[in-house]
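Subject: Structure for you to look at

Hello,

Here is the structure we talked about, with its sequence. Please open it beside this message and follow the notes below.

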Amino acid sequence: MAKKQFKTESKKLLDMMINSIYTHKEIFLRELISNASDAIDKRYFASLTDTNIGLANDQYEIRIELNKDAKTIKITDNGCGMSMEELENNLGTIARSGSFDFKASQEGGDSAKAPVDIIGQFGVGFYSSFMVSDRVEVVSRAIGAEEGCKWESSGADGYTIAPCEKDDVGTVVTLHLKDDTDDEKYSEYLEPYRIQGLVKKYSDYIRYPIRMMMERSRKKEGTPDDKPEYETYLEDETLNSMVPLWKKPAGEVKDEEFNRFYQEKFYDYQEPLKVIHQKAEGATEFTALLFIPSHAPYNYYTKEYEKGLQLYSSGVLIMEKCKDLLPDYFSFVHGLVDSSDLSLNISREMLQHDRQLKAIAKSVEKKISSELSKMLENDRENYEKFFAAFGTQLKYGIYTDYGMHKETLQDFIMFKSSAEDKLVTLKEYVGRMKEDQKKIYYAPGDTVDQIKLLPQVESVISHGYEVLYLTEDIDEFALQMMRTYGEKEFSNVCQDDLDITTEEEKQSLKEENESSADMLKFMQESIGDAVRSVKFTNTLKNHPVCLSGEGAISVGMEKALNKMPGEENQVKAELVLEINANHPITAKLKELYSEDKDKLAKYSKILYANARLISGLKLENPSEVGDMICDLML
Ligand code: ADP
């Protein structure tokens, strides 16, 4: 029979398996059992809508058979099976979602982390059989198929596939174990106790019975008590306790077990940052096992990412991703909810309106909130890690739904600030506000370094106030949506009236602006429509000019909005050119106004260009500005 070739990346993985120096070869069993269990889940699911497909609940099983003479391990399940096409597609390619990361780490990645780690990171599924076998056969019959099909491979040189007989729906995987070497004793996997131990260790909570014939010994009937004779006999035993991990009493489960469960179930190569085990009693009883990942999945901030928790009804999976259990702003949480109060056959549409489900969702949300608060309070380092991964999502959460979730989320967000080179929460900021400080000051910009250089920032800091540095596009939108934190209003130092000067200073500035109104108007007209007005300010410290915004759209928001695709999105902040009334440039401008208006016009344009650059905005007409500067030099 002609051999078919594996897809390239599958072949690479397979090569790694075959030549594996990975020490945890034993995981092959866990992988095959979990495939078998998934397959039974699928059959069970299908039977919910088509009763011809299913078996009686107590007939589902995974069976392990060991044959010492033939040196084989057989793993049989009566799950959904695979058609010829599925065998070809599923076993000829890497199907698992981790393959993306796998590729990434192969291409750009850290070569020091080479194969060994990769195997550890993603239980590599079916291919792990090749760590212990030199030949693998898979005989399977799909639901609805007339006959079976056999896939067979001795490794990277390819596989064969052909129809064959199989009486019932399901899959049999037969591993032909490799010969023992000095370092590796593959034959240990033919010992029933070794296999029993592996099932207990890795697959104890699999919901279907994993059965094997175990050799037991008993006293031979009829032999005298004082001279007993023993005989061995075989007994069919269920090796796993079938109690789902989350149903076990919290104290009985080790952290590593939760971590391993998470990594396998949610395909993460890193351990979770936090495990939350919630048991709720009372009106709605349920158990939740939730995980906060330590990093954002590669597709987290894209449309492809789907939020949701697995939903179980008394230990039986009824929905893979129940969206209604998580609000969008906590979409990063992975995990499951198991409740005996939910009906097994509830449809998706009904579920949405289900009161129990709503109550569960609410309680889960509260729990996540309280765990995050605790983490923020007691484990700052991990919280900051969490925030680096998912903080943007929380800020989106504040911005969306018209700020409805402000109360829930406002204490979870953080910003860098002028006070120290660390993240601060709003609570911390307000807690250390100066007595006379009326507002929470912030300044948006592309980077902390750029913001630090903004003239207005410098001036607010020089008055002894702390400024929050907003470096993400969403930041300012979120704060604007919040409007206040507690009693305190937010104030963009580049946009709003800072209210940091005394009444007298305000008065004198007003007079200054009025007496120079003609000149300021002339300057504005020289610059053109790009600025709405030119005025004096007395809040700047060293800088001659700055640009501030007026109205609803700030300079930072203009930048953020214009990054979005689509010409029609072009929005413009209404800009005001502010001139430092205490800077020598002011006297110069006044002098030019009476002596050389042409020059003043040029100066105005240059000052405006100067202010744009400081604000991180592009020049509209760089060559004209360049020429003007050059003219002045001559
Ligand atoms: P994963 O389980 O992560 O998807 P595997 O390489 O272990 O990756 O398996 C690939 C696919 O082959 C599975 O997704 C499943 O569709 C199919 N498969 C594997 N084992 C079985 C089985 N015992 N019964 C039915 N389908 C199976």
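Glu-525 is partly exposed, with a relative accessible area of 49%; buried stands for under 20%, exposed for over 50%, and partly exposed for what falls in between, using a 1.4 Å probe and protein chains only. Lys-521 is also partly exposed, at 48%. The side chains of Glu-525 and Lys-521 form a salt bridge at 2.7 Å, N to O, where a salt bridge is a side-chain nitrogen of Lys or Arg within 4 Å of a carboxyl oxygen of Asp or Glu. Because they are four residues apart in helix H17 (residues 517–527), Glu-525 and Lys-521 are about one helical turn from each other. Helices (H or I, at least four residues) and strands (E, at least two) are DSSP runs, numbered from the N terminus.

Two notes on the source. The model is predicted, so local features need pLDDT of at least 70 and side-chain atom pairs count only at pLDDT 80 or more, while totals for chains, interfaces and linings use all residues. Residues are numbered from 1 along each chain as its sequence is written, and side-chain values use heavy atoms, with hydrogens and water left out.

More on salt bridges

How many salt bridges does the structure hold? There are 46. One of them joins the side chains of Arg-380 and Glu-384, at 3.0 Å from N to O. Both residues sit in helix H10 (residues 380–399), four residues apart, which is about one turn of the helix. Arg-380 is partly exposed, with a relative accessible area of 25%, and Glu-384 is partly exposed at 25% as well. Another salt bridge links the side chains of Lys-150 and Glu-152, at 4.0 Å from N to O. Lys-150 has a relative accessible area of 28% and is therefore partly exposed.

A charged patch

Which residues gather in a patch of negative charge on the surface? They are Glu-146, Glu-147, Glu-165 and Asp-167. Patches are made of residues with over 30% relative accessible area and no salt bridge; like charges are joined within 9 Å, and nonpolar side chains (Val, Leu, Ile, Met, Phe, Trp, Tyr) within 5 Å. Asp and Glu count as negative and Lys and Arg as positive, while His and the chain ends are not counted. The place of a charge is taken as NZ of Lys, CZ of Arg, CG of Asp or CD of Glu. Accessible areas come from the Shrake-Rupley method with a 1.4 Å probe, and for residues only the protein chains shown count as cover. Glu-147 lies in the loop between strand E3 (133–141) and strand E4 (148–153). Its relative accessibility is 47%, so Glu-147 counts as partly exposed.

Is Ser-459 buried or exposed? Ser-459 counts as buried because its relative accessibility is 0%. This residue is in helix H14 (residues 455–462), and its side chain reaches the backbone oxygen of Thr-539 at 2.3 Å. That is a polar contact, meaning a pair of N or O atoms within 3.5 Å; within protein, one must be able to donate a hydrogen and the other to accept it, and residues adjacent in sequence count only if both atoms are side-chain atoms.

Asp-354 is in the loop between helix H8 (348–352) and helix H9 (355–378). Asp-354 is buried, with a relative accessible area of 16%, and its side chain reaches the backbone nitrogen of Leu-357 at 2.9 Å. Glu-476, in helix H15 (residues 473–482), is buried at 2% relative accessibility.

Two backbone angles

Lys-71 is not a glycine, yet it has a positive phi of about 55°. Lys-71 is in the loop between strand E1 (62–67) and strand E2 (72–77) and is partly exposed, with a relative accessible area of 27%. Tyr-402 also has a positive phi of about 55° without being a glycine. Tyr-402 is in the loop between H10 and helix H11 (406–409) and is exposed, at 78% relative accessible area.

Regards
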